[in-house]
Structures are given as structure tokens and as C-alpha cells.
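This briefing covers how the chain is divided and how its parts meet. The account begins with the domain assignment and then turns to the interface.

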Amino acid sequence: MGDSNVFVSTVELFERYKPTPLVRMSHLSAPKREVYAKLEFFNPFSRSIKDRPVFHMFMEAKKRGVLDGGKELFEATSGNTGISLAALCSIMGIKFRVYIPKPTPQITEILLKIFGAEIIRTEWGTLDMDAVKQVKEEAEKYGAVNLNQFENDDNFNSHYLFTAREIDEQLKSVRKKPDVIVAGCGTSGHIAALSKYFKKKYPEVKIIGVVPAQGEKIPGIKGLETQPKWFFQVEVDDVIEVTQIGAIEGAIEIARNEGLFIGLSAGAVVQAYKKVFHRLGNGTYVLIFPDDGFKYIEAFKKYFSSSRRV
Ligand code: PMP
């Protein structure tokens with residue numbers, strides 16, 4: 001970060017306004033248990049962790065010349081990746097077409113529109129491998145570029161090279177090393193990279209994955225039946241299932257104790273932490289908070305109106 005926090009462009013802001021904060025969650029910590037949260041909503045474009053893989057995939061594609069000749073970008077995404085990519089394409093003057101599943105929240109669609117993306121609302125109930133393949137084929141047909149966050153190793157690499165290293169250096173600066181890392185799993189880019197990086201450096205570290213419970217929807221994270229590419233290539237010690245209500249209540253707990261409005265997958269990470277810390281004991285915990293809660297306001301609204309919750 002520049003001393004005076006002045007940047008010559010938004011690209012420089014993204015690259016140099018780092019590391020994202022690592023903040024001790026006082027109410028979750030105890031005398032021998034320190035709980036730190038990595039606040040990924042400090043990334044500027046989608047205000048989520050997805051700015052990292054999107055920027056890295058884009059820049060690596062550019063370096064390889066894949067984007068030469070005014071190529072368009074096509075991507076299947078229902079959330080942060082789309083918003084981040086739409087923002088980056090606007091900066092770079094590239095046309096972006098996004099394919100979104102039917103249940104994509106209206107708020108996401110509006111955000112994509114604001115950032116100038118061409119939106120294709122599909123009939124897909126969810127983003128499965130079939131949908132991903134269809135967009136890959138469409139891109140080939142139209143001579144467009146499909147970065148494909150589900151299969152592109154630059155997704156994993158962005159977290160291995162940057163997210164993991166940042167956390168390591170931030171903990172070192174307070175003379176700590178991680179004992180437990182709790183992270184959600186969508187494409188598995190960040191959890192797999194954190195596992196690979198930290199298990200190599202500190203073999204004792206425990207990696208805890210977080211997924212939605214069966215039949216539950218938590219935006220950004222998915223069950224392992226979707227076969228996320230990198231998850232099965234690394235060691236993950238346990239996978240915790242969380243319901244949508246659990247995720248919402250995790251987010252509300254952070255708002256009411258720490259004054260931060262975190263997103264649903266972050267709320268799920270909080271619940272997962274609460275399920276495992278008795279068993280895993282004292283030490284330094286790192287919780288990854290992928291985004292903030294503003295995109296999910298409808299889910300909170302429903303939660304408050306569905307019973308007499310306060
Ligand atoms: N939470 C949110 C809010 C996300 O947008 C994503 C990305 N899909 C994740 C968690 C999971 O991240 P990853 O794709 O690295 O597994």
C-alpha cells in the first residue's frame with residue numbers, strides 16, 4: 001500500500017491495497033484461542049475474494065495473448081466472479097457476456113448490468129458441469145474467450161501465490177502460525193490453495209472445509225458432489241455442513257458482536273468454527289470471510305419475516 005493511500009488507477013488499487021485485513025474476532029477468541037478473520041470484502045471490484053482469481057486469470061490470459069484482437073469474454077457465473085469480471089472488462093474495454101442460472105438473485109443481475117455486462121439468463125437451476133461445458137462450447141463457437149474459473153489453474157494459483165502468502169506473513173507479524181483454517185468451498189480454489197501452502201509449511205495445521213447441508217443453498221459454496229477440481233488434490237481434515245439459516249445467524253452474530261456485515265458463506269464459516277473448536281482445542285484459528293452481506297439482503301429480509309425473529 002502506498003504510504004499516503006493514493007493510487008494512480010483502480011488496477012493499482014487492487015494490486016497494491018494489500019494485504020486485505022486480518023482481524024481478531026474478540027468475541028470468538030479466548031485466552032489461549034485466537035480467532036482471526038481474513039476480510040476479503042476489502043477487494044475493490046466485487047468486494048469479494050473473487051477479485052483475486054479473476055484478476056490473475058485475466059492477466060495470465062492477456063500475457064499469453066489469448067485476449068488479443070478485441071476478443072469477447074464469456075463466463076458462467078452466478079455471483080462474485082461475474083461482478084468482478086464485469087468490472088475488470090469495463091476497465092480494460094473488453095466486452096463481457098455472462099450466463100447466469102435461473103435462480104440468480106435480482107440484486108446480482110442489477111450489479112452485472114451496472115458494470116455493463118451482457119446478461120444471458122439461462123434455464124439452468126444451478127451452475128453444474130453441464131452448464132460450464134455449454135458456455136465453453138458457446139465461446140468456441142463465437143471465437144470468444146472463456147476463462148472458466150472451475151477448471152483454470154490460475155484460480156488456484158492466485159490464492160497459492162497471494163491469499164495464502166498474505167495470511168502467512170500477517171500471522172508472522174504477530175508471531176503466530178495457523179493451527180486451524182476454516183474456509184468455504186465453491187470452485188475449491190481458495191481452500192485447496194490454502195491447504196497446499198500451509199500443510200507444506202506447517203504440517204500440523206488443520207484445514208476445515210465448509211459446504212451447504214444437503215438441499216440447502218448458500219451463495220458461493222457448493223456440496224462436494226459437484227466435484228470441485230482442486231479439492232480432491234489436497235488434504236482437507238474435515239468438512240462441515242451448514243444450513244442457510246445457520247449461515248444467516250453466523251452473519252448476524254458477527255454484526256452484533258464485531259460490527260461487521262459479512263456475507264452468507266462467511267456466516268457459514270463462523271458456524272463451522274463454532275462446531276469444531278471444542279474438538280480442535282486452543283491455538284490460532286483463521287476464518288476466511290469471502291464477502292460482505294449487502295448482496296444477500298433479501299435472504300436476511302426473509303429470515304426476519306419468516307418467524308418473529310429479532
Ligand atoms: N463464498 C463466496 C461468497 C464466493 O463468491 C465464493 C466463490 N464461488 C466462495 C465462497 C468459494 O470460493 P472458491 O470458489 O475459491 O471455492
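Domain bounds here come from an automatic or database domain assignment. In this predicted model, the chain is divided into domain 1, covering 10-42 + 163-305, and domain 2, covering 51-142. The centres of the two domains, taken over C-alpha atoms, are separated by 25 Å.

**Extent of the interface**

- Between them, domain 1 and domain 2 bury about 1100 Å², and 60% of this area lies on carbon and sulfur atoms.
- Of the area that domain 1 buries against domain 2, 49% is supplied by Val11, Phe14 and Lys295, more than by any other three residues.
- The contact involves 17 residues of domain 1 and 11 residues of domain 2.

**Polar and charged pairs**

- The rule finds 2 salt bridges across the interface of domain 1 and domain 2.
- Arg52 and Glu166 form a salt bridge through their side chains, with an N to O distance of 2.9 Å.
- Residue pairs in polar contact between domain 1 and domain 2 number 6, counting pairs with both residues at pLDDT 80 or more.

**The domain 1 side**

- Helices α1 (10-16) and α6 (153-173) each supply at least two residues of the side of domain 1 that touches domain 2.
- With 4 residues, α1 gives the most to that side of domain 1.
- By residue class, the side of domain 1 that touches domain 2 consists of 5 nonpolar, 4 polar and 8 charged residues.

Technical notes
Residues are numbered from 1 along each chain as its sequence is written. This is a predicted model: local features need pLDDT of at least 70, side-chain atom pairs count only at pLDDT 80 or more; totals for chains, interfaces and linings use all residues. Side-chain values use heavy atoms; hydrogens and water are left out. Contact means heavy atoms within 4.5 Å. Buried area is the accessible area (1.4 Å probe) that two parts lose on being put together, summed over both. A salt bridge is a side-chain nitrogen of Lys or Arg within 4 Å of a carboxyl oxygen of Asp or Glu. A polar contact is a pair of N or O atoms within 3.5 Å; within protein, one must be able to donate a hydrogen and the other to accept it, and residues adjacent in sequence count only if both atoms are side-chain atoms. Ala, Val, Leu, Ile, Met, Phe, Trp, Tyr, Cys and Pro count as nonpolar, Asp, Glu, Lys and Arg as charged, and the others, Gly among them, as polar.
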